Amino acid sequence: MSQMIAITPGEPAGIGPDLALMHAVHANNSDCIYFADPELLEQRARQLSLAVNINTINTFADADTDNAATLNVFPVKLDQPAEAGKLNPLNAPYVLDTIRLAVESQLEGNTAALMTGPIHKGVINDAGIPFTGHTEYLAQLAGGTPVMMLAAEAERLRVALATTHLPLSKVSQSITQESLQHIIEILHHDLQTKYGIAQPHILVCGLNPHAGEDGHLGTEEIEIISPVLDMLRSKGYNLEGPLPADTLFTPRYLDGADAVLAMYHDQGLPVLKHVGFGHAINITLGLPIIRTSVDHGTALPLAGSGKLETGSYQAALDSARLLAKKSRGVR
């Protein structure tokens, strides 16, 4: 099994290429393979006045794993030259090709994990390509049911989501016993298999204020959440909840917990981003591959400026490396 990490810098007009180059100047990335256009990286390196040795490879065996100052690049040709900060729908196929080839490299055993840079969903749709999202595309390529989990504080805080990008008015109807059970099973399984946690301790939020207050503030806890938790506890799952979200995120509960399952996006992520802004990361569970990602967008106005923080990039790469090692049984 390869130990190499596949990296897709993402939207070519955004900050993804900048982050890859800036990080390579200060860190050893010899265990990484970048799926990108070498000419794009060379052009952006000149724009940023960065001296980076780009090693274009034709096969994975050509990667230079001995030189810390080298960027190993598996070439993917841009459709049009990319200009920092200016989106071009003609380059949408390029973005999807980089992701596809990186996923294939992991499925075929040529890389051990995937770290993705930010992409721009809108410009892909503007190109006439039906595209619902980065994570959904990964699931289309690799199979599985994706579950979003974000992490901060060197992964001392992990928050998974029962629902993701939905209007608040649609959250309740989207949480069923079947869907909740499936998400908890994926979270439990991946904490075991990808993180090596034998008996994951998972805190589960209620949906309503005060976790429904015995049905006086909503009945979803009684009718949906609690029955699922009771059933899974009978199978040996270490689950605590449903807990009120306003008290769950305190040391009393978090100390010793391996993950939190929030019912909706803005229930759990504001807390995580408060403690981890700038170095939080996204981990996609439920796929047959390892995937981590930066927790920010393309930041088009900053592309080519060099005025970037690489904290989330470093954290996502560290997590990809750690998960790759754990998948090989390395502790």
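Predicted model: local features only at pLDDT ≥ 70, side-chain atom pairs only at ≥ 80, totals over all residues.
The lining of the second largest pocket divides into 7 nonpolar, 6 polar and 4 charged residues. Of the 17 residues that line the second largest pocket, F277, G278, H296, E309 and S312 are the closest to its centre.

The largest pocket has a volume of about 900 Å³. Its lining comprises 36 residues. Nearest the centre lie T135, E136, M148, H165 and N282. By class, 15 residues of this lining are nonpolar, 16 are polar and 5 are charged. Several elements each supply at least two lining residues: α5 (134–142), β6 (147–152), α7 (177–193), α11 (265–276) and β12 (291–294).

The structure was also searched for cavities. The search found 1 cavity of 30 Å³ or more. The volume of this largest cavity is about 30 Å³. Its lining consists of I7, T8, P9, G16, L19, M115, G117, P118, V294 and Y313. Of these residues, 7 are nonpolar and 3 are polar, with no charged residue present. Strand β1 (5–8) and helix α1 (16–26) each supply at least two residues of the cavity lining.

Strand β6 was examined next. This strand is one of the elements that line the largest pocket. A residue counts as buried when its relative accessible area is under 20%. In β6, 6 of the 6 residues are buried, so the strand is largely enclosed by the rest of the structure. Both of its faces are covered. V147, M149 and A151 are buried on one side. M148, L150 and A152 are buried on the other.

Strand β6 also pairs with other strands. It is joined to β11 (residues 281–285) by 5 bridges, and the two strands run antiparallel. Here A151 has I281 of β11 as its bridge partner. A further 4 bridges join β6 to β7 (residues 157–161), again in an antiparallel arrangement. In this pairing, M149 is the bridge partner of A160 in β7. The hairpin of β6 and β7 has 4 residues between the strands. In this hairpin, E153 takes a positive phi near 55°.

Charged side chains were considered last. Side chains of opposite charge can pair when their charged atoms come close. The structure holds 11 salt bridges. One of them joins R44 to D18, with the closest N and O atoms 2.4 Å apart. R44 lies in helix α2 (residues 38–48) and D18 in helix α1, so the pair ties together parts that are 26 residues apart in sequence. Both partners are buried: R44 has a relative accessible area of 1%, and D18 has a relative accessibility of 0%.

A second salt bridge links R100 and E104, at 3.3 Å from N to O. Both residues lie in helix α3 (residues 92–107). They are 4 residues apart, about one turn of the helix. R100 is partly exposed at 27% relative accessibility. E104 is also partly exposed, at 30%. D97 joins R100 and E104 in a network of salt bridges.

Another salt bridge is formed by D230 and R233, at 2.8 Å from N to O. These residues are 3 apart in helix α8 (residues 220–233), so about one helical turn separates them. D230 is partly exposed, with a relative accessible area of 46%. R233 is likewise partly exposed, with a value of 30%.

Key:
Residues numbered from 1 in each chain as written. Heavy atoms only, no water. 1 Å grid on protein atoms, 1.4 Å probe; cavity = no way out; pocket = protein on both sides within 12 Å on 5 of 7 lines; lining within 4 Å. Points joined across faces, edges and corners; volume = space filled by probe spheres on them. Nonpolar A, V, L, I, M, F, W, Y, C, P; charged D, E, K, R; others polar. Buried < 20%, exposed > 50% of the residue type's maximum accessible area, 1.4 Å probe, protein only. Pairing = 2+ DSSP bridges. Salt bridge = Lys/Arg side-chain N within 4 Å of Asp/Glu carboxyl O.
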